[in-house]
Amino acid sequence: MSAKKLSRRVFLTGVGGTMIGVPLLETMLDDHGEAFAQDGEPIPKRYVVCFGGHSLGADRDDVHNMFVPQTVGRNYDTPLAIEPIGELGLVDDVSVLSGLEIPSAFGGSEPAGGRHDDFHIASLSPLLSGVRSITGGRPVRGITSDQVVAQTIGGDTTFNSLVYRVQASWYLDQSAPYGRDLISYRGDGDAIEATVSPRQAFMTLFSGFTPPNPVDAQRRDFLLRSRKSVLDLVRGSYQRLLPQLSAADRIRLEAHFEAIQELERQVNAISPMETELCYLPDDPGADPTIGGNNPSAGGDGFDTTTGYSNEDERARLFSDMIHMAMACDLTRSVTLQYTMAQSHMNMYPLIQIPYDLHEIGHSSPRGTEGMSQGIRWHIGHWAYLVNKFKESQEVNGSSMLDNSAILYVNEGGHGYDPGGMADNSTHSTERMAMLIAGRAGGLASGQHIATNGAHPVNGIISAMQAVGVETDTLGEVTGNIPELFG
Amino acid sequence: MRRIAVLFVCLGLLAGCKGELSNSGTPPSTAKNYNNQQNNVEVNPDVLGVGQTGLRRLSREEYDNVLRDLLQDTTRSGSITLPEDAIDPFDNNYETQRASGALVVALETLATEAALRAMEDPARRDAIVGCTPSGPGDEACFREFVRSFGSKALRRSLTDEDVDRYMPLLAFGVEDNNFYTAAALVIQTMLQEPGFVYHIEKGVPVDGRPELYRLTQNEVANKLAFFLWGSMPDDTLRQAVEDGELGTAEQVRAQAERMLQDSRAQERMLRFHAMWFGYHRLNSETPISAAMLEESNALVRRVVFEEKRNYMELFSFNETFINAELATHYGLPQPADPAGAWVDYADSGRGGIFSHGTFLSVASKFGDTSPTQRGKLIRERILCQVVDLPPPDLNVNVDEPPTSEDSNCKKDRYATILEAPGCGACHGQIDPVGFGLEQYDQNGQFRTTDVGEPECVIDGNGTIPGVGDFNGPKQLGEGLVQTGALQPCIVRQVYRFAHGRDTTFDDRESLAELSEQFAASEYKFDQLLLDVVSQEAFAYRQVEVTQ
């Protein structure tokens, strides 16, 4: 890149025109379609994986889903589950991939990129890492795409990646989530625990902002220096203790020690500069109260007042913060889990169906229509996030969405369940679908692409390529979806 | 300590009852007892019944309790901000704890905010700091504060060298012209340190037993306080350590007896029961659920603390503490006081804690009671048996209620599982247990027909293979007590909670001894707690072997 690129904002100011609706000029892109800011620094690409812990239909209902558009190609229709995409005018910004499938073992051995027949949570490993699961109820067996992206394009951002979860609790008495709460992995079984507190996320992301008022700035400098001194002492305490522990305990405490080092690195990072795109968002205040457990999964006598921690508010707060963290280039890779796999979150406060999300799919009389209402809640928040990216203008005049890939993936599809040997089952990875928003790296958005049994990871690989990962493979799955670049 | 033969009995149950104990060699028995002057503890190289353990950290509940006792901070902020503990069945098992970035950032935020709150109210602040500074740079006062507060927060005495490490923080007080700015930074630091966050146990090496360590008196005090109170030691207990008066089992027992008088012990044991039976997070927002929680808490309080009855009565007690609304809900006679009073169950078929809405609410599925889940709950939690997951080569969908071509009745539908190839062996051990409670729905209400199927009569007959037939919660409780099936599991669950881990083969002598003592005490729960903490093995730890 030789000549200095023309900033659209400078250009617009020069002609005194409005900034709305001006097309991106060719001169602001380099030969590879990469966007550059005024100072020649490339506009960062961003990658967001959002996850819903649901399948697409309901048991015994022959309607497979209300998620996949009837029409293929551009200007597709938006059925019930993805209605918010239409409502927010995002059809041109979002591509729908349908007809996806994770192959099952069908009683034999699991194929490459496939899953164990026992459904929960065997789809997570092939879906998120492309590595086959070899038993049910076990963690993901390979590095997940968000971590590959973080390692590749994270650069010197303050947060190499962010992992958040909206569902605040497991909500069941008799068990623990055992991996249903974990969707980001550095490698085989090496999970990254999600932050669940929006308030915590706010403090972590935005405490580094330099206030414009000099007095406030001086105070902030004082607090930052004292915070660094405190962390220095804390790290020292762990360091001194480590050699005194047994080997097994040392391994445990080393993980803690390393997390402190990472926190120190983040605190020492240069604070973000306030711009029109990047500014200190509103303080979210105290976290919503965490609700009690669900004594029942749904139906008659279901307690509609428990099993819910205002996840609606939590989802909105996380969306706002993810948007701003990326606008400020604090991170380039984010994982947002709306609901745990096999989610036992009470859906009544959200969609007035007295069941938890998991049970809507299995036994609510509302069938696939009820399930789609539950999915629609997820997609509503996802579309809100996408729209925030769309409405945010980069320094070169493009929108954040032009430089991003925002995915929505979920736990299952609808069809044959090789575990329970039943048709029209939620315990199926046939007829899966996913959403990809954004135009990073030349992604062709705004299409419904009906695949013929492509692996969901083919879609994920496409999005990884779009944000700059030069790979054709994730785990055991190879190849992209060519139409996404056509 | 007497050696007693292994008491683990598989109760004659076949498939699904897996021995989880592994074999290990006999420990060497060579060196003589000696007194370790430095830590003033007896070290017995022949100690038996010490299972492997690892570094445990504060549960969310413990974190909030410690902030309450250390800083008079009642916000219970940890339970909102710290990552959720796995509760299976207890929240303090080190094997389920994960040190993560999410944990570390949460600890930092919590520490920073708790430190600021602690300095807000002058009276509270002065109580925490303990001296009045002559100015922002008062080194002597700062040093005294670091030493006295630090010994509580980090749960060990601080050396001069330890105290020196914090002294540079005083410069921030000078710069800010506020002594308490520096004091807050000390609190902010200590609340993130390993001595605060983790239960650090190093101990004294045991001669000839390289894997074994005798805990110091201070470490015993910490373990004792967190078991009985879910919190840090109080001044009396810390003074006992300082005076070297926590080196013998008798001294530990005496302290524990004192501690059991404290309301913190009641709260801790109510929580133990709630986690054990699975109702720890029953929604207390609705009046009926709140009344159910009070019902169970009242029974535990009465049996364990107020009247110190034979603990087995918890499972068959013929009275229950309910308010007017809950009496109507259950279809029981109204209490003398509408706000709550003891009501006689008479011949209602109810009796003991298994009749409570709390317990009955736990193991439901498919919008109804689940005989399988209830059977599993009783087999696993109440009888400490291992119920295997369905074998991987079996085609099952555990998220689907069973169906029958011939009948919509639940008993007939579940009977199809028993007939399905490969399923009956396990389900035959589980489902008949749950069917004995079928007349009680997941809200604790009595019923005689299936939900929405009035022609499907529920007979309420159940069987626990190896124990016998029963009908309803009272007979279940009585049967489990009479056959002796329950007692070893009670001991084991208390032991798990006390040690913050699952039991292992190496704990067998300790468990056997406790079972015998429990019987000898005529099943007094408070005596069991005292026996656990004054048992020799309580003061030892065996480190894990790494590959």
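Here are some notes on the two-chain model above, point by point.

1. **Ground rules.** This is a predicted model, in which local features need pLDDT of at least 70 and side-chain atom pairs count only at pLDDT 80 or more, while totals for chains, interfaces and linings use all residues. Residues are numbered from 1 along each chain as its sequence is written, chains are lettered from A and ligands numbered from 1 in the order in which they are written, and side-chain values use heavy atoms, with hydrogens and water left out.

2. **The A/B interface.** Start where the chains meet: 75 residues of chain A are in contact with 73 residues of chain B (contact means heavy atoms within 4.5 Å). Together the two chains bury about 6,100 Å², and 51% of that is on carbon and sulfur atoms. Buried area here is the accessible area, taken with a 1.4 Å probe, that two parts lose on being put together, summed over both.

3. **Salt bridges across it.** The interface of chain A and chain B carries 9 salt bridges, a salt bridge being a side-chain nitrogen of Lys or Arg within 4 Å of a carboxyl oxygen of Asp or Glu. Have a look at A:Arg199 and B:Glu113, which form a salt bridge with their closest N and O atoms 2.2 Å apart. Over all chains, the structure holds 63 salt bridges.

4. A:Glu476 and A:Arg132 join in a salt bridge through their side chains, at 3.0 Å from N to O. This pair ties together distant parts of the chain, 344 residues apart: A:Glu476 is in the loop between β13 (473-474) and β14 (477-478), and A:Arg132 is in the loop between α4 (124-129) and α5 (145-153). Helices (H or I, at least four residues) and strands (E, at least two) are DSSP runs, numbered from the N terminus. Both partners are partly exposed, with A:Glu476 at 31% relative accessibility and A:Arg132 at 26%. On that scale, buried means under 20% relative accessible area, exposed over 50%, and partly exposed in between (1.4 Å probe, protein chains only).

5. B:Glu307 forms a salt bridge with B:Arg302, with 3.0 Å between the closest N and O atoms. Here B:Glu307 is partly exposed at 37% relative accessibility, whereas B:Arg302 is buried, at 11%. There is also a network of salt bridges with shared partners, made up of A:Asp249, A:Arg252, B:Glu201, B:Arg541 and B:Glu544.

6. **The largest cavity.** On a 1 Å grid over the protein atoms alone, a cavity is a set of points where a 1.4 Å probe fits but cannot get out, a pocket is an open set with protein on both sides within 12 Å along at least five of seven lines, and lining residues have an atom within 4 Å of a point. The count is 7 cavities of 30 Å³ or more. The largest has a volume of about 160 Å³, volume being the space filled by probe spheres set on grid points that are joined across faces, edges and corners. Its lining has 20 residues, with B:Thr53, B:Gly54, B:Glu201, B:His499 and B:Arg541 nearest the centre. B:Glu201 and B:Arg541 also belong to the network in point 5.

7. **The second largest cavity.** About 100 Å³ of space lies in this one. Of its 14 lining residues, the closest to the centre are A:His54, A:Ser55, A:His120, A:His358 and A:Thr426. Helix α11(A) gives the most to the lining, with 4 residues. The lining divides into 3 nonpolar, 10 polar and 1 charged (Ala, Val, Leu, Ile, Met, Phe, Trp, Tyr, Cys and Pro count as nonpolar, Asp, Glu, Lys and Arg as charged, and the others, Gly among them, as polar).

8. **A:His362.** This residue sits in helix α11 of chain A and is buried, at 2% relative accessibility. A:His362 and A:Thr426 are 64 residues apart in sequence and 7.3 Å apart in space, C-alpha to C-alpha.
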